[in-house]
Amino acid sequence: MNTPSPARDLPFLSNPDKDNFIDGRWRAPESGKRIDTFNPSNGQLLATLARGDKADVEAAVAAARRAFTGPWSRFSPAQRQQLIIRFADLFAQHFDELTLLESLDMGAPLHTRLRPSKNGAIQTILYFAGQARNIQGDTIPNSLPGDVTTMTFKAPVGVVGGIIPWNGPLLGQMHILGPVLATGCTAVLKPAEDASLSVLRTAELLMEAGLPPGVVNVVTGLGAEAGAALAAHPDVNRIAFTGSTATGREIIKASAGNMKRLQLELGGKSPDIVFADADLDQAVPGVAMGVYSNSGQICFAGTRVFVQRSIQDEFVERFAAYGKTLKVGDPLAQDTRLGPLISSRQLDRVLSFVEVAEKEGARLASGGARLGGDLSCGFYIEPTVFSGVTNSMTIAQEEIFGPVASIIAFDTLDEALTLANATPYGLASGVWTSNVNTALKMVHGIQAGTVWVNCYGLVDPSVGFGGYKESGYGWKGGQTQIDGYLYQKAAYLNVS
Ligand code: ADP
């Protein structure tokens with residue numbers, strides 16, 4: 001296989017100044033202002049983006065509204081399904097280009113991408129192609145006097161604002177595009193300022209697939225400007241947001257004006273619990289990759305690793321040794337398993353957690369340093385593991401968004417459950433055991449939207465994903481997500 005070459009393989013970057021995508025065409029930001037976006041593997045300028053603000057959001061929402069009431073409303077479910085399938089085919093044809101663009105933009109190692117037939121972004125959009133023809137109301141027998149027929153209808157909610165984080169924009173956008181296109185809604189997407197390029201390129205592919213102009217628009221820019229304008233816009237009916245819990249709170253406030261429907265997938269500090277009877281050959285790499293995948297920049301990263309005390313020493317030793325086998329480096333290199341963090345700001349933040357952990361008395365078992373040498377221009381840090389952590393330490397409570405695992409010892413199942421649930425978050429969790437009773441007790445007892453048993457991080461779009469507590473609300477995937485993009489209407493027909 002050829003080593004990917006941005007100059008050869010990414011004609012999209014031959015013009016590195018990117019505008020907003022509104023009403024089917026590129027539009028310069030009204031203010032004329034731009035922001036720079038950098039390649040985190042070498043700190044070099046990659047492109048400039050439109051610094052969209054209220055005026056651009058205004059234009060994009062107006063285009064989305066026109067498309068919603070115009071040509072798009074006349075697409076039948078079968079036509080919407082065909083369009084989604086055409087788009088999925090185009091996405092698969094351009095898969096190498098899109099994943100290369102995303103890697104350059106946010107640093108995910110190319111080699112860890114699954115091929116199109118297994119890739120989560122493609123599987124997600126294909127799932128929603130099926131859902132396009134599965135939207136139905138009910139006829140419901142009633143107990144009313146007279147001869148009254150009662151039925152329910154479903155109708156798309158309208159314009160959806162999709163606010164996307166930087167840690168996996170290709171997949172992140174599909175969780176919004178899927179239900180939007182399946183239900184007949186329209187969208188204005190606001191990708192993250194650090195990683196917008198693959199979302200902009202996807203908008204071109206949507207046009208190529210035959211989507212009418214205005215159905216999907218993209219406004220780039222800062223969260224506090226473009227994002228906040230979208231969350232507050234009175235003609236946006238729903239916001240789909242993935243990001244931090246703090247920003248989620250801002251979105252709840254901003255959206256109160258017109259009572260937008262909300263889907264919020266927020267932060268996490270997920271427990272991954274290893275019992276003494278677990279198969280450690282499976283658990284050590286499983287737990288490690290639950291923390292280190294995407295360099296720890298995953299909302300459901302299993303960073304609080306609870307280990308039963310009798311196997312603690314062996315587990316820490318094997319976990320640290322496994323971390324050392326993971327090559328950190330250029331995301332485009334074949335043998336790289338961990339790429340850089342997204343930005344120097346994020347690197348500083350992660351390093352400051354390492355410092356605080358040591359001050360608070362956690363033992364650094366491995367890693368903890370910024371990587372220098374050839375990598376010194378990028379934002380690289382070693383896979384890191386602390387042992388002797390207690391649940392009240394800062395590293396066990398705050399979402400770090402970096403490759404930092406905290407190992408916390410426990411004695412009994414009840415203690416593990418109490419500790420696992422002692423967090424304001426409830427996004428995901430893992431359990432490693434060979435005892436089915438232990439597994440089931442944990443599945444029932446853990447307060448989190450997902451419990452993985454003897455595995456970590458599997459997500460199927462038909463099953464879906466969502467949070468308990470301050471990890472947000474609204475389910476991604478499955479029929480539940482589709483329902484969130486639909487109004488339900490009851491009709492009473494008096495035929496007596
Ligand atoms: P992070 O701090 O990791 O970047 P955020 O939750 O701030 O996570 O960002 C996720 C997405 O939310 C990004 O697209 C960002 O631009 C956007 N965003 C940030 N602040 C706001 C806000 N106040 N209103 C709407 N969107 C925002």
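Being a prediction, the model has local features reported only at pLDDT of at least 70 and side-chain atom pairs only at pLDDT 80 or more, while totals for chains, interfaces and linings use all residues. Residues are numbered from 1 along each chain as its sequence is written, and side-chain values use heavy atoms, with hydrogens and water left out.

Let's start with the strands. Helices (H or I, at least four residues) and strands (E, at least two) are DSSP runs numbered from the N terminus, and two strands count as paired if DSSP finds at least two bridges between them. The open sheet of seven strands runs in the order E14-E15-E16-E13-E12-E18-E19, and its pairing is mixed. At the edges sit strand E14 (363-366) and strand E19 (450-453); each has a single partner strand, so one side of each is left without a neighbour in the sheet. On average, neighbouring strands here are turned by 25° against each other, direction ignored; the axes behind that angle are lines fitted to C-alpha atoms (for helices over the stretch in contact), and angles in general run from 0 to 180 degrees between N-to-C directions. Within the sheet, strand E12 (residues 271-274) pairs with strand E18 (residues 428-432) in the parallel sense, over three bridges. Across that pairing, Asp-272 is found opposite Gly-430 of E18.

Strand E11 (residues 261-265) has pairings of its own. Four of the five residues in E11 are buried, making the strand mostly covered. For reference, buried means under 20% relative accessible area, exposed means over 50%, and partly exposed is in between (1.4 Å probe, protein chains only). E10, helix H9 (residues 245-254) and E11 also make up a right-handed β-α-β unit, where right-handed means that, with the strands pointing away from the viewer, the path from the first strand over the helix to the second runs clockwise.

Next come the charged pairs. Side chains of opposite charge can pair when their charged atoms come close. The criterion is a side-chain nitrogen of Lys or Arg within 4 Å of a carboxyl oxygen of Asp or Glu, and the structure holds 18 such salt bridges. One of them links Lys-154 to Asp-483, with the closest N and O atoms 3.8 Å apart. Lys-154 belongs to strand E6 (residues 148-156) and Asp-483 to helix H16 (residues 478-484), so this pair ties together parts that are 329 residues apart in sequence. Lys-154 is partly exposed at 27%, and Asp-483 is partly exposed at 34%.

In H9, Lys-253 and Glu-250 are three residues apart, about one turn of the helix, and their closest N and O atoms are 3.4 Å apart. Lys-253 is exposed at 58%, whereas Glu-250 is partly exposed at 46%. In helix H11 (residues 312-325), Arg-318 and Glu-314 are four residues apart, again about one turn, and their closest N and O atoms come to 3.2 Å. Here Arg-318 is partly exposed at 30%, and Glu-314 is partly exposed at 41%. Glu-97, Arg-201 and Glu-204 form a salt-bridge network.

On the backbone side, most residues other than glycine have a negative phi, and most peptide bonds are trans. Asp-23 is not a glycine, yet its phi is positive at about 55°. Asp-23 sits in the loop between strand E2 (20-22) and strand E3 (25-27) and is partly exposed at 28%. Met-259, also not a glycine, has a positive phi of about 55°. Met-259 is in the loop between H9 and E11 and is exposed at 63%.

Finally, burial and surface. Val-291 of helix H10 (residues 280-292) is buried, with a relative accessible area of 0%. By contrast, Val-443 of helix H15 (residues 436-445) is partly exposed at 34%.
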